[in-house]
Amino acid sequence: MKRPVTLTVNGTVRTAVVEPRSLLVHVLRDDFNLTGTHIGCDTSQCGACTVLIDGLAVKSCTQLAVQCEEQAITTIEGIGTVDALHPLQAAFWEKHGLQCGFCTPGMILTAVDLLARNPDPSEEEIRHGLEGNYCRCTGYQNIVAAVQAAAKTMRAEPAGAGV
Amino acid sequence: MATIFGSGIKRREDPRLITGAATYTDDLKLSGLTYAAFLRSPYAHARITRIDISEAERAPGVLAVYTGAAVKDRLVPVPCAWNVPNCNLKIPPHPLLAYDKVRYAGDGVALVVAESRAAARDAIDLIEVDYDPLPGGVDPEKMAQAGAPQLHEEVPNNVAFTWVVAGGDAEKAFNEAEVKVKERIVQQRLLPTAMECRAAVASYNKGTGHLTLWVTSQNPHIHRFLCSVMLKLPEHRVRVISPEVGGGFGSKIPAYPDEVLVSLAAMDLGRPVKWAEDRSENYKVTIHGRDHVQYVELCGTRDGKITGLRTRVYAGLGAYASTAGPGIPTILHGLVYSGAYTIPNIHGTIYGVYTAGTPVDAYRGAGRPEAAFLIERLVDTFAREIGMDPIEIRRKNFIPADKFPYTTATGLTYDSGNYPAALDKALSILDYKAFRKDQAEARKQGRHLGIGVVSYIEICGLGPSQVAGAVGFGGGLYDSANVRVYPTGVVRVYIGGKPHGQGEETTFAQIVAEEFGYPVENIEIVSGDTETTPQGWGTYGSRTTAVCGSAVKVAAQRVKEKARKLAAHLLEANEQDVEWKDGKFSVRGSPDQSKTFAEAALMANLAWNMPAGMEPGLEATAFFDPTNFVYPFGSHICTVEVDIETGQVHILRYVAVDDCGPPINPMIVDGQVHGGVVQGIGEAIQEIAIYDESGQLLTGTMMDYAVPKASQMPHIETAHTVTPSPVNPLGVKGVGEAGTIASAACVVNAVCDALQPFGIRHIDKPLTPARVWAAIQGGKEIAR
């Protein structure tokens, strides 16, 4: 039996009528048309579907949409635009932190959470912090460089974080 | 103006990708969309005795259910596109849905189309199938033996082909050799694991009879061709669009049954149908890579001159011959057995073997990593046998830089190269002698350090179409570009290739920008739609820059030549007096008399004032067919420490020196190397697709298949030498696969070096702690 669920998505209150078994990732993609959140596996390994729930990075395939009632969800579409990029988006672009781009939204949102908790991470801490997000293209090297560069920018301008 | 070719500018494709605005196939929504799901065989090899779809057909939301019997006369079986000649190749039919037998766990059995994804999935569970299980097997060596379970009636002993490569007289060389070494090497099955799984959306217009198929493809024109054959639809009525594609690594080259069945359903229902693979399905159904059992011998003189190489290889093809399957372990493997060396006598016998596993096809490097690995491993073994340093033996056998173009014993003509220079550069970054000292010191303390060196070559830029035809590839291998200048001077370039992460929207714009003296912002690269792009053969085999990029350059030159003629007319000057200077056409000697490229473009499009006989418009199409392959090369060195208590391999440093000719965008080149190296390191130390005895894929999810994680991979130090290729106007080679080709052997060489004190000569990859530990204990090699 379908039931309504109300979520705050990228700052806007939105309601969808969903099956109780619907995963958050499917509701974001199918009901709210936020297709920047990707699906790369079915066992919660790859992290392509990572979003922020009340500011914490969460794999949106691990949540039933109905569990997220009244919570604030932030997707890649909600952290910056082409004209006003989040420092992490800008750094991924600057440092060539992406190739096919499929893992990138999840990777960036995990990094948002990582930098919120640790504004000046070492390379090792970044690599550890991104363990739950797989990338098959970049070998991670430029992703690490991007997170380091964004951390530097965000330390210099903490207000620019945008989330 | 500052040169744009060779500059590491930011990528032009990135803004949409970093903001979530890119559209991948599964992101598409069409009015009236329906959803497909497949029932797949749980058995590796079984006879289907009964299928009952009646309950599924009655399930809520279900629109159609298809079985193999229902579609077999409506569709042409899945073709194999690489019919390698002179090897008695047998290609049994590959039905789109199995109707009598299933031949691997994952073989399609039925298709359900429903109003929602969930309804389609739910209905799959309502289909009843009775199977009579048959014996199977996925080991290509065992499956080729007499008495092995028979997979296809028309293929005795499951041997699809016996392909021989020979040059010189290997038998004589081995008979007369002072030193011989040999090894049995297993190239384990790998799962390509593009982060985006495959997907397809099909929409049929009953009014026009035209089908539009959005599909995750590295080569939309090949997909159009093969899908039109299978659907029995004329090619002009099939439009294939490959939108944003989230990685491929070879796995999105083949035409699979799935997109064709989805198309058939869309035609029947008159409604669009979407199918999106999930990861478990991807691991079962989307092609796998590698899967060789290799017997390799190398011979030479006691002072280190290699005189012969001999192989016997069992190459698993999986259950059916996939699109390029037979060409990978033959043309792309055996022909490069000379590697970077002057090996005068070569003989290889490759058996292509059908096994009851997922079909095997091109995976990053495709045949060449399996060749580079066996050569580079054996060169090390040979060096150790005669007590020679691995660097020295390579130097002693390198093809000298002044011998290019060089023809190998296998008949390839390498275009250009300077192998010692790449090795020298790597050694200038990593101090080999100092490491050897550290290693000796560490050994005294019970620590085991090792160093591995690889000097690889690869065959890329596939390739001359005439050669493609001669080696049985069912298509051409030229590529194409249409450069079209709009009235405002904006340039769009429609290409036959299909970038899916490699950055050609940037590098190709750089090619045109350099030619036109333009900022790259004025140039847009368009790919992936067979309706708008000229015939091309796709992105794989590190071919797109060398072949399609060359077409872009040639087309741009044609456009510029026309613009120059038009500018001369507008400047009322003789054509010979007009020169291209500082980004403008100007009259020689009167630099103030000039026309920009954009001014010429506007007039060409308006055509108010054209020279007599000149057609309006400013565009050109070029089809570039190279005269030879290109042969990138390089030397990689890595150092490792092996924890002998646990068998854990730690990579200390990884230095990659690659030569892909002049880099168009060094930042992108380095990115390709990073990703390639990490894929090869994954292959070396952790990735393996494991089947159990009954043919079940045990590594069927990302929980079980060890995709490299950020925390597991090292920092990679990159550098380059630049040796232009003479076979294309850009001088470029290719770099997409180089890292993978080099790194697996490099890491294994380093680990075997570290374990010399244990008398360990070789451990089959992946070098998991369990395998390394077992080898250290002198234990037998554990089962694969």
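Okay, before the first helix pair, one definition: axes here are lines fitted to C-alpha atoms, for helices over the stretch in contact, and angles run from 0 to 180 degrees between N-to-C directions. And keep in mind that what you're looking at is a predicted model.

So, let's start in chain B. Take helix 10, residues 368-386, and helix 19, residues 738-754: their axes come within 8 Å and cross at roughly 30°. Angles under 35 degrees count as roughly parallel, so helix 10 of chain B is roughly parallel to helix 19 of chain B. The crossing of these two chain B helices is right-handed. Who makes the contact? From helix 10 of chain B you've got R368(B), P369(B), A372(B), F373(B), E376(B), R377(B) and D380(B). Helix 19 of chain B answers with T740(B), I741(B), A742(B), A744(B), A745(B), V748(B), N749(B) and C752(B). Sorted by class, the residues in this contact between helix 10 and helix 19 of chain B come out as 9 nonpolar, 2 polar and 4 charged.

Staying in chain B, let's move to a sheet. This one is open, with 4 strands in the order 18-26-27-28 and mixed pairing. Which strands sit at the edges? Those are strand 18, 448-457, and strand 28, 716-720, of chain B, each pairing on one side only. From one strand to the next, the twist averages 15°. If you zoom in on strand 18 of chain B and strand 26, residues 633-643, the pairing is antiparallel over 10 bridges. To find your place there, look for V454(B), which stands opposite H636(B) in strand 26 of chain B.

Now, the helices on that sheet. Helix 12 of chain B, residues 419-429, packs on it and touches strand 18, strand 26, strand 27 (648-659) and strand 28 of chain B. The direction of helix 12 makes about 35° with that of strand 26 of chain B. Then there's helix 13 of chain B, residues 432-444, lying across strand 18 and strand 26 of chain B and running at about 145° to strand 18.

Last stop, chain A. Helix 3, residues 104-117, and helix 5, residues 141-156, pack at about 45° with their axes 11 Å apart. That angle makes helix 3 of chain A oblique to helix 5 of chain A. Here the crossing is right-handed too, for helix 3 and helix 5 of chain A. On the helix 3 side, M107(A), A111(A) and L115(A) meet I143(A), V147(A), A150(A), A151(A) and M154(A) of helix 5. By class, that chain A contact has 8 nonpolar residues, no polar and no charged ones.

Note on methods. Residues numbered from 1 in each chain as written. Chains lettered and ligands numbered in written order. Predicted model: local features only at pLDDT ≥ 70, side-chain atom pairs only at ≥ 80, totals over all residues. Parallel < 35°, antiparallel > 145°, perpendicular 65-115°, else oblique. Left-handed = near helix turned anticlockwise from the far one by under 90°. Contact = placed C-beta atoms within 7 Å. Nonpolar A, V, L, I, M, F, W, Y, C, P; charged D, E, K, R; others polar. Pairing = 2+ DSSP bridges.
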